[in-house]
Amino acid sequence: MRHGADDGRHARELIAAQRLDLPLGPLDVLADLGGHVLLLGIGHTSNTTIHLAEQRLGRSLFYRYAKTAPGVWAEFPNVSGESHRFDDLEPALAPKATEVRIGDCRARLVAVRDVLEATDRAVRADPRALLCADPACERCADAYGQRLASA
């Protein structure tokens, strides 16, 4: 997984934080460094930083499996859940973001800390925040159930 952290002053620290058992490690370091998320033509449903906030709040993490070589499968723990309602945070994050247009592309820059704080406030106010109401969506149901158990 690459987070655009290949070059720069903190590149080694960010890259070292990427582990198979801790996929959001670089974002955790980026938060500690006062970093930002740049959304280029995408919404918050693609903003992985929100998953870090969910993880910090105790929402369910999942396992994923991937074929890493012919006949070799690997288990990847601590994978985040669904993101289909992350755009619900737009009203809270829009005032915190710097936005410009690059041609037809909407470009937004927002501090990682602002994303984490907005997510924390939303989920603490409503444990179902950012989760869908579809009963067939096991990930959202599991995340909600775990949140209630840890509250």
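Q: Where is Thr 119 found?
A: Thr 119 is found in helix α5, where helices (H or I, at least four residues) and strands (E, at least two) are DSSP runs, numbered from the N terminus. The model is a predicted one, in which local features need pLDDT of at least 70 and side-chain atom pairs count only at pLDDT 80 or more, while totals for chains, interfaces and linings use all residues. Residues are numbered from 1 along each chain as its sequence is written, and side-chain values use heavy atoms, with hydrogens and water left out.

Q: Does Thr 119 count as buried or as exposed, and why?
A: A residue is called buried under 20% relative accessible area, exposed over 50% and partly exposed in between (1.4 Å probe, protein chains only). Thr 119 has 0% relative accessibility and therefore counts as buried.

Q: Which residues is Thr 119 in contact with, leaving aside its neighbours within four places in sequence?
A: Contact means heavy atoms within 4.5 Å. With those sequence neighbours left aside, Thr 119 touches Ile 50, Ala 53, Leu 57, Leu 89 and Leu 130. Leu 130 lies in the loop between α5 and α6 (138-150), is buried with a relative accessible area of 3%, and has a positive phi of about 70° although it is not a glycine.

Q: Why is helix α3 largely enclosed by the rest of the structure?
A: Helix α3 (residues 49-56) is largely enclosed because six of its eight residues are buried; these are Thr 49, Ile 50, His 51, Leu 52, Ala 53 and Glu 54. The buried residues of α3 pack against α2 (25-32), β1 and α5. After α3 comes Gly 58, with a positive phi near 90°.

Q: In what order do the three strands form the open sheet?
A: Strands of a sheet pair through backbone hydrogen bonds, either parallel or antiparallel, and two strands are taken as paired here if DSSP finds at least two bridges between them. In this model the order is β1-β5-β4, with antiparallel pairing. Each of the edge strands, β1 (36-40) and β4 (98-102), has a single partner strand, so one side of each lacks a neighbour in the sheet. From one strand to the next, the twist averages 15°. Helix α5 (residues 112-125) packs on this sheet and touches β1 and β5, its direction making about 80° with that of β5; axes are lines fitted to C-alpha atoms, for helices over the stretch in contact, and angles run from 0 to 180 degrees between N-to-C directions.

Q: How many bridges join β4 to strand β5?
A: Five bridges join β4 to β5 (residues 105-111); among the facing residues, Arg 101 stands opposite Arg 106, and Glu 99 has Arg 108 as its bridge partner. The hairpin of β4 and β5 has two residues between the strands, and Gly 103 takes a positive phi near 65° there. β1 is likewise joined to β5 by five bridges, and Leu 38 has Leu 109 as its bridge partner.

Q: Which residues make the nonpolar surface patch?
A: Accessible areas come from the Shrake-Rupley method with a 1.4 Å probe, and for residues only the protein chains shown count as cover. Leu 38, Leu 40, Val 100, Ile 102 and Leu 109 make the nonpolar patch of about 450 Å², to which β1 and β4 are the elements giving two or more residues. Leu 109, found in strand β5, counts as partly exposed because its relative accessibility is 35%.

Methods. Patches are made of residues with over 30% relative accessible area and no salt bridge: like charges are joined within 9 Å, nonpolar side chains (Val, Leu, Ile, Met, Phe, Trp, Tyr) within 5 Å. A salt bridge is a side-chain nitrogen of Lys or Arg within 4 Å of a carboxyl oxygen of Asp or Glu.
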